[in-house]
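Please look at the sequence and the model first.

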Amino acid sequence: MEKKYVAAVDQGTTSTRFMIFTHDGKVVGYHQLEHEQIYPKAGWVEHDPMEIWARTQEVIKGALEKTGVKPEEIAAIGVTNQRETTIVWDKKTGKPYYNAIVWQCTRTKEICDELEKDGGQDRFRAKVGLPIATYFSGPKIKWILDNVPGVREAAEKGDAIFGNIDTWEIWWLTGGPNGGSHITDVSNASRTMLMNLKTLDWDQEILDIMGIPRQMLPEIRPSSDPKIYGYTTKDGPLGAEIPVCGDLGDQQAALVGQTCYSPGEAKNTYGTGCFMLMNTGTEAVPSKSGLLTTLAYKFGDAPAVYALEGSIAITGALVQWLRDNLEFFETSPEIEPCARSVEDNGGIYFVPAFSGLFAPYWRSDARGVIVGLTRYIKKGHICRAALEATAYQTREVLDAMEKDSGVALKALKVDGGMVVNELLMQFQADILGVPVIRPTVTETTALGAAYAAGLAVGFWNNTDELRKNWGVDKTWEPVMEEEVRAKLYKGWKKAVERTFGWVE
């Protein structure tokens with residue numbers, strides 16, 4: 001049967017979807033389902049890995065049913081995932097020893113504090129490109145080994161294995177306990193705090209310091225691998241043997257989907273958090289401004305490509321918080337008319353440091369604040385300040401990126417769920433002072449994973465073909481005066497300082 005499509009499993013922080021794409025990068029169809037967010041204590045965030053695998057199977061079947069696409073028509077499958085979220089499971093049964101510890105979870109603060117005692121927050125940065133922070137997988141693995149009875153012994157025997165969500169999904173897709181492939185790609189491995197940026201292999205010295213047995217870690221492979229990670233099984237959700245050969249962390253996948261293949265090209269994804277990545281080419285650029293040096297992708301035998309990344313913990317999650325916790329509105333899109341009901345933010349700033357601050361501060365002692373409150377403030381002002389917080393945080397990251405890379409950004413390519421919010425996009429262009437460009441396909445995360453898989457099997461021949469698929473949907477030009485921009489941004493910086501040192 002003719003191979004007409006490439007598909008991607010997109011496993012995110014709040015939901016899982018399966019998307020099917022044509023050769024010209026258009027969406028044929030998809031199915032999407034949410035999963036439960038588990039909060040056992042303040043600052044702790046977990047997911048049930050078995051629920052995620054169940055949702056994955058459901059969305060695959062759902063997308064095939066909706067579109068009428070036959071599994072045999074799919075050339076290859078890519079996987080993209082919420083990064084840093086950590087699972088340790090029994091390779092004989094597939095049963096997790098503990099819930100997945102989510103990237104937002106701050107339970108590893110004591111482990112991180114202990115690691116910092118000898119060499120500070122940047123102790124491992126020269127090797128791994130990352131500060132010591134609760135965000136990354138390494139300390140989460142250590143927490144499970146130290147706190148869940150029997151796991152350390154099982155890991156030393158080779159029975160307990162670790163994976164970020166990509167590894168978990170690929171393992172199950174390719175057979176699970178019956179010979180599933182235990183692999184990850186360079187982009188996901190670079191988020192563990194355990195992979196050496198130069199060798200693209202696990203760093204034994206860091207493993208020894210953290211007490212993590214090497215045998216529990218997956219094999220590190222290219223993001224697009226012609227050697228194929230494995231094949232889906234006939235008794236699995238696809239009911240056919242299809243090569244699984246693309247794997248990218250969600251933010252790197254968006255960079256690939258936005259066709260940022262040249263050094264200096266950047267994209268910003270507006271999801272649960274906000275993540276800006278800039279391609280720096282085949283050189284790893286060390287950051288002096290609080291950014292992360294990370295792997296962008298590796299296609300087959302070609303040299304690995306690096307990126308600078310600014311990670312913001314809470315953006316879309318702030319809209320969800322206003323919706324679910326404060327019940328300001330019933331659906332997330334309603335925030336825009338609510339924010340438009342007022343002319344400006346009324347002098348307030350909302351800094352959503354719910355789980356500390358990520359780039360460029362890396363302050364796990366920070367907590368969220370709303371500052372500048374007066375009797376004048378209404379719901380609309382809070383909604384507007386919440387949207388503006390996303391744009392201000394992006395500006396901070398962009399400033400750091402320009403400083404580190406020496407490249408001034410000419411325009412920002414944007415994607416993700418929040419880019420349908422036109423008020424936010426205009427304010428983003430205004431506060432950055434550069435055009436903001438939304439592509440025709442905004443689901444660039446799944447598209448990037450599909451591209452990686454398709455390149456591996458020759459569905460697409462090269463990145464030039466992929467560039468041709470990218471098109472502009474809308475551009476927002478900055479209209480704000482420089483004086484106003486500077487004043488507003490100064491107020492934001494002042495507000496951020498008020499969040500520091502809240503947790504003793």
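The side chains of Asn 188 and Asp 247 are joined by a polar contact of 3.3 Å. A polar contact is a pair of N or O atoms within 3.5 Å; within protein, one must be able to donate a hydrogen and the other to accept it, and residues adjacent in sequence count only if both atoms are side-chain atoms. The model is predicted: local features need pLDDT of at least 70, side-chain atom pairs count only at pLDDT 80 or more, and totals for chains, interfaces and linings use all residues. Residues are numbered from 1 along each chain as its sequence is written, and side-chain values use heavy atoms, with hydrogens and water left out.

Asn 188 belongs to helix α7 (residues 186-189); helices (H or I, at least four residues) and strands (E, at least two) are DSSP runs, numbered from the N terminus. Beyond four places in sequence, Asn 188 touches Asn 81, Arg 83, Asn 164, Asp 166, Asp 247, Leu 248 and Gly 249, where contact means heavy atoms within 4.5 Å.

Buried means under 20% relative accessible area, exposed over 50% and partly exposed in between (1.4 Å probe, protein chains only).

| Residue | Relative accessible area | State |
|---|---|---|
| Asn 188 | 0% | buried |
| Arg 221 | 13% | buried |
| Asn 469 | 16% | buried |

Arg 221 is found in strand β12 (residues 219-221). Its side chain makes a polar contact of 2.8 Å with the side chain of Asp 225, and a polar atom of the Arg 221 side chain lies 3.0 Å from the backbone oxygen of Ile 228. Residues touched by Arg 221, not counting those up to four places away in sequence, include Ile 183, Thr 184, Asp 185 and Val 186, as well as Lys 227, Ile 228 and Tyr 229.

Asn 469 is in helix α15 (residues 463-469). With residues up to four places away in sequence not counted, Asn 469 touches His 23, Asp 24, Gly 25, Tyr 451 and Trp 460. The C-alpha atom of Asn 469 is separated by 36 Å from that of Pro 131, 338 residues apart along the chain.

Two packed helices are described by the angle between their axes and the distance between the axes. For helix α12 (residues 379-405) and helix α13 (residues 422-432), the axes come within 9 Å and cross at roughly 40°. Axes are lines fitted to C-alpha atoms, for helices over the stretch in contact, and angles run from 0 to 180 degrees between N-to-C directions. The angle makes α12 oblique to α13; angles under 35 degrees count as roughly parallel, over 145 as roughly antiparallel, 65 to 115 as roughly perpendicular and the rest as oblique. Among the residues that make the contact are Leu 387, Ala 391 and Leu 398 of α12 and Leu 424, Phe 427 and Ile 431 of α13.

Helix α1 (residues 49-67) and helix α6 (residues 165-173) have axes that come within 11 Å and cross at roughly 60°, and α1 and α6 are therefore oblique to each other. Their contact involves Pro 49, Met 50, Ile 52, Trp 53, Thr 56 and Ile 60 of α1, and Ile 165, Trp 168, Glu 169, Trp 172 and Leu 173 of α6.

In helix α10 (residues 316-324), the buried residues are Gly 316, Ala 317, Leu 318, Val 319, Leu 322 and Arg 323. These pack against α11 (335-340), β19 (349-351) and α12.
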